[in-house]
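User: I would like the terms in this description checked against their cut-offs. Please go through them one at a time.

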Amino acid sequence: MLVDCPTCKTPVEWSEKNPHRPFCSDRCRLIDLGAWASEDYRIPSREPVSEDDLINPDHHDTH
Ligand SMILES: [Zn+2]
């Protein structure tokens with residue numbers, strides 16, 4: 001059975017002889033993991049820290 005490597009689209013054999021399946025190599029596996037990590041990193045925070053919190057971080061406790 002052949003599958004396409006998700007990273008470089010090279011047909012690779014899906015077998016126990018290929019420990020990196022469905023990738024063609026450990027390098028492609030790491031590239032794919034890195035792509036996911038960098039996509040996560042680009043997702044903006046839903047609650048950005050406000051300038052007020054940076055200047056006066058204890059002001060929430062004054063009430
Ligand atoms: Zn590959």
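User: Why is Cys5 called buried?

Analyst: Cys5 has 0% relative accessibility. Buried means under 20% relative accessible area, exposed over 50% and partly exposed in between, with a 1.4 Å probe and protein chains only, so Cys5 counts as buried. This is a predicted model, in which local features need pLDDT of at least 70 and side-chain atom pairs count only at pLDDT 80 or more, while totals for chains, interfaces and linings use all residues. Residues are numbered from 1 along each chain as its sequence is written, and side-chain values use heavy atoms, with hydrogens and water left out.

User: What makes Cys8 partly exposed?

Analyst: The relative accessible area of Cys8 is 37%, which lies between the two cut-offs. Cys24, at 29%, is partly exposed as well, whereas Cys28 is buried at 3%.

User: Which residues are the protein donors of the zinc ion?

Analyst: Cys5, Cys8, Cys24 and Cys28, each through SG, lie 2.3 Å from the zinc ion. Donors are N, O and S atoms within 2.8 Å of the metal (3.2 Å for Na, K and Ca); water is not among the atoms, so sites may look incomplete.

User: Why is the zinc site called tetrahedral?

Analyst: The angles among its four donor atoms are 105 to 119°. Four donors count as tetrahedral if all angles lie between 85 and 135 degrees, so the zinc site is tetrahedral.

Notes: Tetrahedral: all angles 85-135°; square planar, octahedral: opposite > 155°, others 65-115°.
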